Amino acid sequence: SSAEVYGKTDHPENIVETDTLNPLNYYGTSKLAADKLTTQLAISHQLNAIVVRPFNHTGPLQGPGFFVPDMISQIVDIENGKKDAHLSVGNLESTRDISDVRDIVRGYKLLLEADTSPGEVFNLCSGTGIKMKNLLEKLLKISKTSIQITQDPEKMRPSDNPISVGNHDKITKQFDWQPKISLEQTLKDTFDY
């Protein structure tokens with residue numbers, strides 16, 4: 001599934017698995033359909049199936065179309081003289097929960113091998129929010145070039161949740177999973193890649 005199934009919640013800085021599901025976009029709605037169908041089939045037929053709702057994650061090898069690799073690609077092009085020193089961005093005011101993809105995959109593996117109840121739901125997230133402009137500042141500090149920021153209306157989403165931060169207490173309490181890789185390490189590794 002995806003954290004996008006939550007949409008706007010009453011406590012967007014601490015989203016738990018039992019929160020109301022109210023997606024704000026087509027992607028979240030499609031994930032909600034699969035999420036609910038999986039849960040229903042698992043419970044009705046005692047299938048060994050669970051639902052995992054990962055929040056934003058990034059890292060080396062992530063393709064274009066996502067914030068961190070898009071920003072890094074532009075920064076690298078600027079540093080290599082392939083682009084002028086203007087960084088094109090979307091909404092930098094939103095706050096997101098961003099994990100390292102390697103931590104998320106470790107969580108997937110743990111849950112695949114774990115003894116869980118049919119239809120059980122787990123969040124995978126860092127549990128910490130960061131404003132996108134602060135994330136971009138961290139990326140710009142890695143760069144050795146002076147760069148100007150330009151907001152691009154084409155990169156603005158029609159419905160953007162201002163805050164989305166998950167809570168991973170359930171998987172942590174049941175299986176002792178928690179994120180291990182710092183955001184700074186993730187950004188450095190992705191930038192190096």
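**Figure 1. An open sheet of 3 strands, in the order S7-S4-S9, in a predicted model.** The pairing within this sheet is mixed, where two strands count as paired if DSSP finds at least two bridges between them, and where helices (H or I, at least four residues) and strands (E, at least two) are DSSP runs numbered from the N terminus. Its edge strands are S7 (129-131) and S9 (163-164), each of which pairs on one side only. Strand S4, residues 95-97, pairs with S9 in the parallel sense over 2 bridges. Helix H4 (residues 132-142) packs on the sheet and touches S4 and S7, with a direction at about 80 degrees to that of S7; contact means heavy atoms within 4.5 Å, and the axes are lines fitted to C-alpha atoms, for helices over the stretch in contact, with angles running from 0 to 180 degrees between N-to-C directions. Residues are numbered from 1 along each chain as its sequence is written, and side-chain values use heavy atoms, with hydrogens and water left out. Because the model is predicted, local features need pLDDT of at least 70 and side-chain atom pairs count only at pLDDT 80 or more, whereas totals for chains, interfaces and linings use all residues.

Figure 2. Arg-96 stands opposite Ser-164. With a relative accessible area of 10%, Ser-164 is buried, the classes being buried under 20% relative accessible area, exposed over 50% and partly exposed in between (1.4 Å probe, protein chains only). When neighbours within four places in sequence are left aside, the contacts of Ser-164 are Pro-12, Ile-15, Phe-55, Thr-95, Arg-96 and Asp-97.

**Figure 3. The stacked rings of Tyr-6 and Phe-55.** A search of the whole structure finds 2 aromatic pairs, the criterion being that rings of Phe, Tyr and Trp (its six-membered ring) have centres within 6.5 Å, with planes under 30 degrees apart counted as stacked, over 60 as edge-to-face and the rest as tilted. The ring centres of Tyr-6 and Phe-55 are 6.0 Å apart and their planes lie at 25 degrees, so this pair is stacked. Tyr-6 belongs to the segment before helix H1 (26-45) and Phe-55 to the loop between strand S1 (51-54) and strand S2 (57-58), and the pair thus links distant parts of the chain, 49 residues apart. Tyr-6 is buried at 0% relative accessibility, and Phe-55 is buried with a relative accessible area of 2%.

**Figure 4. The tilted rings of Phe-122 and Phe-175.** Here the ring centres are 5.9 Å apart and the planes stand at 55 degrees, so the pair is tilted. Phe-122 lies in strand S6 (residues 121-124) and Phe-175 in helix H5 (residues 169-175), so the pair ties together parts that are 53 residues apart in sequence. Phe-122 counts as buried, at 0% relative accessibility. Lys-170 lies over the face of Phe-122, at 4.7 Å from the ring centre; a charge is taken to sit over a ring if NZ of Lys or CZ of Arg is within 6 Å of the ring centre and within 35 degrees of the ring normal.

**Figure 5. The salt bridge between Asp-35 and Arg-53.** A salt bridge is a side-chain nitrogen of Lys or Arg within 4 Å of a carboxyl oxygen of Asp or Glu, and by this rule the count comes to 11. The side chains of Asp-35 and Arg-53 meet at 2.8 Å, N to O. Asp-35 in helix H1 and Arg-53 in strand S1 are 18 residues apart, and the pair links distant parts of the chain. Both Asp-35 and Arg-53 are buried.

**Figure 6. Arg-102 and its salt-bridge partners Asp-100 and Asp-189.** The closest N and O atoms of Arg-102 and Asp-100 are 2.7 Å apart, and the bridge from Arg-102 to Asp-189 has an N to O distance of 2.9 Å. Arg-102 lies in helix H3 (residues 101-113) and Asp-189 in helix H6 (residues 183-192), so this pair ties together parts that are 87 residues apart in sequence. Arg-102 is partly exposed, with a relative accessible area of 35%, whereas Asp-100 is buried at 1% relative accessibility and Asp-189 is buried with a relative accessible area of 19%.

Figure 7. Leu-187 counts as buried at 1% relative accessibility. Apart from neighbours within four places in sequence, Leu-187 is in contact with Val-68, Ile-72, Leu-135, Lys-138, Leu-139 and Ile-142. The C-alpha atoms of Leu-187 and Leu-139 are separated by 6.9 Å, although these residues are 48 residues apart along the chain.
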